[in-house]
Amino acid sequence: MRMAEGGVTSEDYRTFLQQPSGNMDDSGFFSIQVISNALKVWGLELILFNSPEYQRLRIDPINERSFICNYKEHWFTVRKLGKQWFNLNSLLTGPELISDTYLALFLAQLQQEGYSIFVVKGDLPDCEADQLLQMIRVQQMHRPKLIGEELAQLKEQRVQKTDLERVLEANDGSGMLDEDEEDLQRALALSRQEIDMEDEEADLRRAIQLSMQGSSRNVSQDIPQTSGTHLTSEELRKRREAYFEKQQQQQHPPAQLSHPRERPTTSSGALGSDPAGDAMSEEDMLQAAVTMSLEVVRNNFKTEGKK
C-alpha cells in the first residue's frame, strides 16, 4: 500500500510487484527482521541462543520462557506453558511434551541439525493455555508423529486392507484350502478326538467313584473302615471283593451251591469264573462296579419318587 501511494502505474511499483520479497512469501514464511519487529510491539526481544555472548551468560534454558527455532524457511516455537515445556512444531500432529531434563539436550540436537535458535526475552502476553497449565500438569501417553509419517502409515494400512480384501474375495467360494489351512484343520480334528477320549475316561472314572460311594453307603456296617481318607489299590480290591461275595451270598445261599469254587452270577447276569479260584478279575470287578453304580442311581431315583 505504501508503494502504491507513488502510483500503481509507476515503474518502481511495477518492479516491486515483479520482484519477490525477501521478508515474506505466500507460504506464510517471514524473515527474522519481520518477526523481530512484530515482537517489539509486545515489548519482547530476540537474542540469538547460539551466539557466544549469550553462551557466556551460562543461563539454564529451563529458566527461560520461550525459544523460536528456524531451519530453511521453517519456524516453530518451544514454549513453557504453566510449568512444562512444549514443542509447538506445526509439522507434528500435536504439541510434544518436553521434560526439563530433556530440554537442553533437545536444543543441542537442533543446533547440530543446523537450526538457528533465538531466545524470546521479556514478559510474554497472557494466554489461556498458560493459565490452565499453571493448575494442572500434562501427562502425554503417546508422542505426536510427523504429519507426513502419519499419512504414510494410514496409506500403508489402507493398501494392506485392500490386499487382504482381494485375497478373501479370491478365496471366496473356491473351496480350495492352502496347506496351512489344511494342517490347521487336521490339528483341530486330532484335538477334538483327544478331548473325546479324555471325556470318556472321565465318565468311566466318575462311574467307578459313584459305585464306590454307593457301596460304602449301603454296606458301611459290613465293611471295615480305615482311618485314612485315601485307600490303596489293594485295599480297594479287597473291599470290592468282600462286598461282591456278600451280595452273592445273600442272593444264593451256600447250601444251594453245588460247586463252592464257582463264582456266582452278578446282578448283570454275567458269570464271573476265576481260574485261580481266589479273586475276581479286574474286568469283572470293573463291570460289576459300573452295574452297581447304575443300580444305586436307580434306587435313589425310586426313593426320591416315593418321597
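Helices (H or I, at least four residues) and strands (E, at least two) are DSSP runs, numbered from the N terminus. The structure is a predicted model, in which local features need pLDDT of at least 70 and side-chain atom pairs count only at pLDDT 80 or more, while totals for chains, interfaces and linings use all residues. Residues are numbered from 1 along each chain as its sequence is written, and side-chain values use heavy atoms, with hydrogens and water left out.

**View 1. Gln-139 sits in the loop between helix H5 (128–133) and helix H6 (147–171).** Although Gln-139 and Leu-97 are 42 residues apart in sequence, their C-alpha atoms are 8.2 Å apart in space.

**View 2. Six strands make an open sheet in the order S1-S6-S2-S3-S4-S5, with antiparallel pairing.** Two strands are said to pair if DSSP finds at least two bridges between them. Strand S1 (45–48) and strand S5 (96–98) stand at the edges with a single partner strand each, so one side of each is left without a neighbour in the sheet. S1 is joined to S6 by four bridges, and Glu-45 stands opposite Lys-121 in S6. Towards S5, strand S4 (residues 84–88) is joined by three bridges, and here Phe-86 stands opposite Leu-97.

**View 3. Helix H4 packs on the sheet, touching S2, S3, S4, S5 and S6.** Contact here means heavy atoms within 4.5 Å. The direction of H4 makes about 110° with that of S5, where axes are lines fitted to C-alpha atoms, for helices over the stretch in contact, and angles run from 0 to 180 degrees between N-to-C directions.

**View 4. The largest nonpolar core has 15 residues, and Phe-49, Phe-67, Cys-69, Val-78, Leu-107, Leu-110 and Ile-117 touch the most other members.** A nonpolar core is a set of buried Ala, Val, Leu, Ile, Met, Phe, Trp, Tyr and Cys residues joined through side-chain atoms within 4.5 Å. Two or more residues of this core come from each of strand S2 (66–70), strand S3 (75–81), helix H4 (100–112) and strand S6 (116–121), and the largest share, four residues, belongs to H4.

**View 5. Cys-69 has Ile-117 in S6 as its bridge partner.** Leaving aside residues up to four places away in sequence, Cys-69 touches several others, including His-74, Val-78, Leu-110 and Tyr-115.

How values were computed. Buried means under 20% relative accessible area, exposed over 50%, partly exposed in between (1.4 Å probe, protein chains only).
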